[in-house]
Amino acid sequence: MGSTGGSGSIGGATNVRVVVIGDSGTGKSSLIVSVATDSFPERAPPLLPPTRLPPDFYPDRVPLTIIDTSSRPEDRNKLGAECKKADAIILTYACDQPITLERLSSYWLPELRRLEVKVPVIVVGCKLDLRDDQQLSLEQVMTPIMHQFREIETCIECSALKQIQVAEVFYYAQKAVLHPTAPLFDQETQTLKPRCVRALKRIFILCDHDRDGALSDAELNDFQVKCFNAPLQPSEIVGVKKVVSEKLPEGVNEHGLTLTGFLFLHALFIEKGRLETTWTVLRKFGYNDEIKLRDDLLPTAQFKRAPDQSIELTSEAMDFLRGIFSMFDIDGDGALRPQELEDLFSTAPESPWEEGIYEDSIEKNALGAVTLNGFLSAWALMTLMDPVKSLAYLIYIGYPGDPVSVFHVTRRRRLDRKRLNSHRNVFQCFVFGPGNAGKSALLNALIGRPFVEKYTPTKGDHYATNVIDMSEGANKILVMREILEDAVHKLLENKEFLSPCDVAVFVYDSRRKKGLQAKEE
C-alpha cells in the first residue's frame, strides 16, 4: 500500500538546500561533482560554487542546491553561516582515514550543536573503494555515534570514483527534509510519536465510512485512491491484510483492517525507510510538518471584526458539541472524566485545555469531571481568545459542516446600546479591585468552587466561565476575567483594552474603608 509521485512542492518546500561539511581531503568536492556530472573529477577544485540538481533529478521533483564548504580555520565563520542556512547537512569522513571518522564525534557534531544547527544530518563515508576489508562495518562504527547524536538521520558509504551510492547520498538528504523522521517516529523506543498516532487515528475514522471500526476492502481502496491516485488490486489488499495479521492478529478482523493494524502498517513503512508513504497520507488530509492542520484549511477572513465585536460559536456548532459530549460520556453521568476527555481529543494533536487558563476556569463536579456547562463554556472561552484554534479543534474532533458555518461575528456593541437589546450569547465581564478584596472568590463562585478563607494572591491570567440560566429561558455564557490591581494602569494605557468588556465589576472589601476608596478612584 502506498506509492508517491512528485508534484514540485512537498510540505511547502520548493527547494532543498544541502550543505556539505567535513575534514579536508574527505572527498566533499569530488562527491558533489560526481553527483552533478555522473563522472569522477581527476582534479576537483578546492571549493565549488553552489551546485543545483534540477527538479527531475529525484522522484519528489523538488530542486536541490548543494553548498560546498572549506574546513580551513580562516573560513570557520563562513562555514558556520552556511550551516545555519541549511535544510540538511551532509557530514563526510574518509573510509581510508580513521582519524576523520573519530573527528565526527570529537569535533564536527559538537560544533553543529554549538552553532545551534537543528536540521537533519546525513553522515557519509566517502572513498568506499579504498576501504580496508578488515575495518568494522558501517553499522558497528555508527551505532554508538547515532545513539549519542540523535540529529543524525542516517549514514551511508559511497565512492565517487566508482559511482557507488553517490546519488543516494543526496536523495537521503532531500528525503530527510521533505519527509522527516523526527515528527513521526521515536528512534529510541521504535514507536510512532503520539501526535502522529492521533493524526492517523483521525484519518482512519474519516475513512471508516460505515463506522464499524475497520477499513473494508472498498474503504481501503478509496483511501489508496485519495492518497496515491491509484487503486489497490484485490491481490494487493489480501497481501496487506496478510502482512498485518501475521505480525499482529488483532490488526485485522472480519470487517477489515482495524485501527491497530492501520497504525502498525505505518510504523512498518517508517521502519523500512518509506517515510514518504506516511507523509503523503498526512499531507493529503491537510497536515503540515508539525502534524497540525495547514493554515489554508482554516479560513480566517471570517474572524475580521471591530474591537467591540466578538466571535461566537453558531447554534449548529453548539449542537455538534453537545452531541460529542454525549457520545464520549460513556458512563452517562453528565460529566467527562479525564480519560473520557482524553478520548474525545484523541484525534487532535493534544488536548487544547492543558493550559492553566482553561484548567482552572470551568465547572467540574466533585470528582473533577467536566460538566456539560463547563465543556460548552470552555469552547466559548477558547473561541473568544483564539478562534483559529477553536476552529482547528472542531475539525480535529470531527465537525462535519463547512468551517464557515462554525462562527458568527456579533453586532457592534454601540448598535446594541442604541437599540437597547443584544443578540449576544457570550458576555465578557472584567473584574477590578484591590488585592484580597474577593475577586478570585467571585470567579470561583461562578464555577461552583467552595470559598477558601486563606488568601492566595493571583498570578497571571485568571478566567472563569459558565452557563447562566436566564429567567426568559435562554441560556447565556458569562466569561469573567480577573484584572490584577498592579496591572490596571498599564492595561488601561491601551485604549482598546476595554473594548471586549461587556460589563465591569468593581469588588471591594466592605470591612475596609480603603477598599471602598479604591473602588471610587
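Mentor: Welcome! In this predicted model, an open sheet is built from 4 strands, ordered β17-β18-β16-β19, with mixed pairing.

Trainee: Which strands stand at the edges?

Mentor: Look for strands with a single partner. Here they are β17 (463-469) and β19 (503-506), so one side of each has no neighbour in the sheet. From one strand to the next, the twist averages 25°.

Trainee: How many bridges join β16 to β18?

Mentor: There are 6, between residues 426-432 of β16 and residues 475-482 of β18, and the two strands run parallel.

Trainee: What do β5, helix α4 and β6 make?

Mentor: A right-handed β-α-β unit, with α4 spanning residues 138-148. Its strands, β5 (residues 121-126) and β6 (residues 152-157), run parallel and are joined by 5 bridges. V121 stands opposite I152 in β6.

Trainee: What volume does the largest pocket have, and which residues are closest to its centre?

Mentor: Its volume is about 1,200 Å³. Of 38 lining residues, I152, E153, T154, T181 and Q187 are the closest to the centre. Both α4 and β6 are among the elements giving two or more residues to that lining. By class, the lining has 17 nonpolar, 8 polar and 13 charged residues.

Trainee: Which element gives the most to the lining of the second largest pocket?

Mentor: That is α17, with 4 residues. This pocket holds about 840 Å³ of space, and its lining divides into 10 nonpolar, 10 polar and 12 charged residues.

Key: Residues are numbered from 1 along each chain as its sequence is written. This is a predicted model: local features need pLDDT of at least 70, side-chain atom pairs count only at pLDDT 80 or more; totals for chains, interfaces and linings use all residues. Side-chain values use heavy atoms; hydrogens and water are left out. Two strands pair if DSSP finds at least two bridges between them. A crossover is right-handed if, with the strands pointing away from the viewer, the path from the first strand over the helix to the second runs clockwise. Axes are lines fitted to C-alpha atoms, for helices over the stretch in contact, and angles run from 0 to 180 degrees between N-to-C directions. On a 1 Å grid over the protein atoms alone, a cavity is a set of points where a 1.4 Å probe fits but cannot get out, and a pocket is an open set with protein on both sides within 12 Å along at least five of seven lines; lining residues have an atom within 4 Å of a point. Grid points are joined across faces, edges and corners, and a volume is the space filled by probe spheres set on the points. Ala, Val, Leu, Ile, Met, Phe, Trp, Tyr, Cys and Pro count as nonpolar, Asp, Glu, Lys and Arg as charged, and the others, Gly among them, as polar.
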